[in-house]
Amino acid sequence: MLRLRTNTSVRRNRAFSKLNHLELAIFDWQHKYPRDPWLARMLSHLVREYWRAGQSSSDGGSVALALMRESYSDSPWTAATEIKCQSARPMPGAPNYRGIMTAMTTKSSILEPAIAEYIADATVREHPTLRELREETARLSQWRMAIGPEQGQLMALLAHTIGARRYLEIGVFTGYSSLAMALALPPDGYILACDVDEATSAVARRYWEYAGVAGKIDLRIAPAIQTLEGLRREKVEPFDMAFIDADKVNVDTYYEDALALVRVGGLILVDNVLWDGAVLDESVDDAATQALRAISFKAGRDNRVEVALVPVCDGLLIARKKG
Ligand SMILES: C[S@@+](CC[C@H](N)C(=O)[O-])C[C@H]1O[C@@H](n2cnc3c(N)ncnc32)[C@H](O)[C@@H]1O
């Protein structure tokens, strides 16, 4: 059952309670944001479904009003804070509404959506190019693989805190985390990025160019195990920070490689350690879930590092290499 909640000022307005106003609002949205037709289609579908479900016209009107208000503002993303939407019913060919709406401002699968949105509304400052990349990535079926903006911001903050210049990334996808880090690193910063997928890496490359940071990034297209072995063999200058976000079954190998390649006082970050909460469910015992459970418990007891597991997005393990 579809549930829509709008803020009280929107709810109070009864003027936009007719279907033609909904149509007008949607048309206006599409006209204003032609670059985001997929999102507009999703909202259009959402409103129509809601209307068909026989909900009260004042609620339908409040959605239209929220859309119209949004049409005249600068940021489409604030719509997520105006229209709180939850649904158990997936839209054909797209992730469910709740996932989409939540993805607009946050990517937490762990926090209560309202809390995640509050955090995002209050604190997330997203570079315009990162936002564009997120919008483009949202149209891909694997959109959930990218980190959320709040995690990108945390990683940038950590990089600034330790004065990071050299960053190692294992798992690039369309480039959100690498772009967030490239923007955070100083002009002489260096990123060594590992991935196996040429197609998604091409998207990443396009955004690195667009943001003017491509010169900082050395992308290696090969299985990460192979690339990391090579780096260890070559005894490259140590990295300040490493981010592990590739195939989960190899997370322990990546952790050991990262520990060898990061300087004392450097950070090793492991993504998805809460795995949508699956790590808590004893009946889930596939290789990826087992590997993610094991890495948290291993790092938690590992005397070589200080560790914290932060429930941002899908869970981020932060390990600081001790001397
Ligand atoms: C979760 S996504 C990375 C998301 C990225 N950090 C971001 O924020 O957008 C995982 C990526 O790891 C890559 N990958 C999977 N197996 C790999 C392997 N053996 N070696 C290198 N990359 C791999 C996939 O191609 C995919 O792009």
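Leucine 168 has alanine 242, in strand E6, as its bridge partner. This contact belongs to the pairing of strand E3 (residues 166-170) with E6 (residues 239-244), which is parallel and covers 4 bridges. The model described here is predicted.

- The open sheet is formed by 7 strands, and its pairing is mixed.
- Read across, the order of the strands is E5-E4-E3-E6-E7-E9-E8.
- E5 and strand E8 (305-310) are the edge strands, each of them pairing on one side only.
- On average, and with direction ignored, neighbouring strands of this sheet are turned by 15° against each other.
- Strands of a sheet pair through backbone hydrogen bonds, in either a parallel or an antiparallel sense.

- Strand E5 (residues 217-221) pairs with E4 in the parallel sense, and the pairing has 5 bridges.
- The chain passes from E4 to E5 by way of helix H11 (residues 198-211), and this β-α-β crossover is right-handed.
- Isoleucine 191 has isoleucine 217 of E5 as its bridge partner.

- E8 and strand E9 (residues 316-321) run antiparallel and are joined by 6 bridges.
- Opposite valine 310 stands leucine 316, which is in E9.
- The hairpin of E8 and E9 has 5 residues between the strands, and cysteine 313 in this hairpin takes a positive phi near 50°.

**Helices H10 and H11**
- Two packed helices are described by the angle between their axes and by the distance between those axes.
- For H10 and H11, the axes come within 10 Å and cross at roughly 20°.
- H10 therefore counts as roughly parallel to H11, because the angle falls under the 35 degrees set for that class.
- The crossing of these two helices, H10 and H11, is right-handed.

**The shell around the ligand**
- There are 19 residues around the ligand, and those that come nearest are Ala146, Gly171, Phe173, Ser177 and Ala224.
- Helix H10 (176-184) and strand E4 (190-195) are the elements that give two or more residues to this shell.
- By type, the residues of the shell are 11 nonpolar, 4 polar and 4 charged.

Conventions:
Residues numbered from 1 in each chain as written. Predicted model: local features only at pLDDT ≥ 70, side-chain atom pairs only at ≥ 80, totals over all residues. Near = placed C-beta within 6 Å. Nonpolar A, V, L, I, M, F, W, Y, C, P; charged D, E, K, R; others polar. Pairing = 2+ DSSP bridges. Right-handed = clockwise from strand over helix to strand, strands pointing away. Axes fitted to C-alpha atoms, helices over the stretch in contact; angles between N-to-C directions. Parallel < 35°, antiparallel > 145°, perpendicular 65-115°, else oblique. Left-handed = near helix turned anticlockwise from the far one by under 90°.
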